[in-house]
Amino acid sequence: MALRDVLLSIAQTPHRLRRRALVTWTPTQELNEVRDRSGARMKRRLEWYDLVGLGVGGMLGAGVFVTTGRVARDTAGPAVFASYVVAGVSALLSSLCYAEFSVRVPVAGGAFSYLRVTFGEFVGFFGGANILMEYVLSNAAVARSFTDYLASTFGVTERNAWRIVVDGIADGYNELDVPAVALILLITVCLCYSTKESSMLNMVLTVFHLLFFAFIVAAGLWNGSARNLVRPHGLAPYGVRGVLDGAAVVYFSYIGYDSACTMAEEIRDPSRALPVGIAGSVLVVSGLYCLMSVALCVMLPYTEISEAAPFSSAFREKVGWRWASSVVGAGASIGIVASLMVAMLGQARYLCVIARARLVPLWFAKVHPSTGTPMNATIFLGFCTASLALFTELQIVFEMISIGTLLVFYLVANALIYHRYVKVGTNRPLHVLLFLLLLTLSSLGFSLSRKIDGWCQWGMTLFGAVSIAITTIFHCTARQDIAGPSLEWSVPLMPWPAAASVFLNVFLITTLKVRSYQRFGIWSLVTIVFYVCYGVHSTYSAEENEIVNAMIHHANLDIS
């Protein structure tokens, strides 16, 4: 590109932002012309049970084995199971929103596509970039925990025994995790080969993992004591605030159902399989998370739970079953492999669809004609994940996780209300946008009241009542009729499930630590700068070229 063209593009940035930032695509366009930009199409080879297996396999492993020990010891105490209940309810409500959108827009873009067809290009890109960051970070965290559990399988208890500590590098980045990198690269190769075969491997791993979960729960409850749930400082030593803070931390454990949404282009019957696979897997996993966390906390007091591989150390040191420690390590390793496989499937499809929109280079959108997989996106993100997993200590990664996921789930809940009542409904946009604004503000007021001494009870009661009143008024005044044919499946009792999802996501966002907001602010700034400097110019130029090509095509037709 010549310097003159670059300067012209910079000068036209405000105009191009006005033209592109709020432009939306219809579901039909997403399903046809946008998807065609990948060249070959992804192959529809998956059934509903593949989706359930992917959803369950994607979530199991990450939450219990990576966050439960830390949250139980430092944040929620033995009441960590209640943190999983709160996070599970929020995830279930969000999953219902995802399920309806996935039926309406069955493409691989997940939240990015849902936000783009509702609120426009910029909001879609902002949400997509944040969920991509969450994928890469959480996958790096899970891969590093794999090393801990694999080591415990062979009876190694020293925390960094299988890592290489390098002098001269800053603390937190000097523990090189080669096994984690090897695992990520191996999974990347598998995912490049075939989605169906990867799904079958995940199904086998998930079945073994479920049997392993049953063993952990039964053995933990049998050898544990209910007294450990209240020793040494009660069931909830950190109070209700600790339970809620813990819910925000463990929330990233539910990101797996979002991965299932990205399989929409590879499901043979999306309208039937997606709602069952998405919501069903969240329910199953929520129950298992609660049982596993209770089993851990009855085996030993929360103050004695280990940071690294808590389940293995509980069986080895407190129960005295050294062989069980090895079984736990092996089972956890299998679960983590399945979880990583599904999450890395999802992250590649997100990047692929963002590239189809030309917000990142189109090279990432290419689907390999023989394997039917987005190979370029898979390899690139595999390399990024491996790089983070090699250097970055687990706690640093944890501090960056959750806020982006919660924000995207909040946006998707808002988008579903707007899409249902405006895009396919007959309501005025201002009416719906005003409701969403008031609901967000009342949810924020409720959440912040909890942090103000002397105002906590009254503020929470007031803003909670206001949120219910606002939703009731909207429910009674908004028209429920839908333009066009009805769907095979949609979220029932609207707008209540989506409104509750908005409320809970806002609440959980406010429980995160300051450092999470700082890192989120930096990433958001990077995202906005990238969109202004590259994304908007790329999509604007592509639109101009398409218009010119269409005019030439019509002119040739007139001549002939």
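All views show a predicted model.

**View 1**
Phe208 is part of helix H11. Is Phe208 buried or exposed? Its relative accessibility is 54%, so Phe208 counts as exposed; the cut-off for exposed is over 50%.

**View 1. Ser83, a buried residue in helix H7.**
Helix H7 runs over residues 80-104, and Ser83 sits in it. The relative accessibility of Ser83 is 0%. Ser83 therefore counts as buried, a label for values under 20%. Which residues does Ser83 touch, leaving out those up to four places away in sequence? They are Ala76, Gly242, Val243, Gly246, Ala247 and Val250.

**View 2. A salt bridge between Glu121 and Arg20.**
Side chains of opposite charge can pair when their charged atoms come close. The model has 4 salt bridges by the rule used here. One of them joins Glu121 to Arg20. The closest N and O atoms of this pair are 2.9 Å apart. Glu121 belongs to helix H9 (residues 121-153) and Arg20 to helix H2 (residues 13-20), so the bridge ties together parts that are 101 residues apart in sequence. Both Glu121 and Arg20 are buried.

**View 3. A network of Glu100, Arg104 and Arg420.**
Start within helix H7. Arg104 and Glu100 both lie in this helix, 4 residues apart, about one turn. An α-helix has 3.6 residues a turn, so residues three or four places apart point the same way. The side chains of Arg104 and Glu100 meet in a salt bridge, at 3.0 Å from N to O. Glu100 also forms a salt bridge with Arg420, with the closest N and O atoms 2.7 Å apart. How many residues apart in sequence are the parts that Glu100 and Arg420 tie together? The number is 320, because Glu100 lies in helix H7 and Arg420 in helix H19 (residues 403-423). Shared partners join Glu100, Arg104 and Arg420 into one network. Each of the three has its own value for relative accessible area. For Glu100 it is 0%, which is buried. For Arg104 it is 13%, also buried. For Arg420 it is 8%, so Arg420 counts as buried too.

**View 4. Helix H14, mostly covered.**
Helix H14 covers residues 270-299, which is 30 residues.

**View 5. Helix H17 and what covers its buried residues.**
Helix H17 has 17 residues, 375-391. At 1.5 Å a residue, it should span 24 Å. The end C-alpha atoms of H17 are 25 Å apart, which agrees. Which residues of H17 are buried? They are Asn376, Ala377, Thr378, Leu381, Gly382, Thr385, Ala386 and Ala389. Their cover includes H9, helix H10 (178-193) and helix H16 (322-356).

Definitions and conventions. Residues numbered from 1 in each chain as written. Predicted model: local features only at pLDDT ≥ 70, side-chain atom pairs only at ≥ 80, totals over all residues. Heavy atoms only, no water. Helix = DSSP H or I, 4+ residues; strand = E, 2+ residues; numbered from the N terminus. Expected span 1.5 Å × (residues − 1). Buried < 20%, exposed > 50% of the residue type's maximum accessible area, 1.4 Å probe, protein only. Contact = heavy atoms within 4.5 Å.
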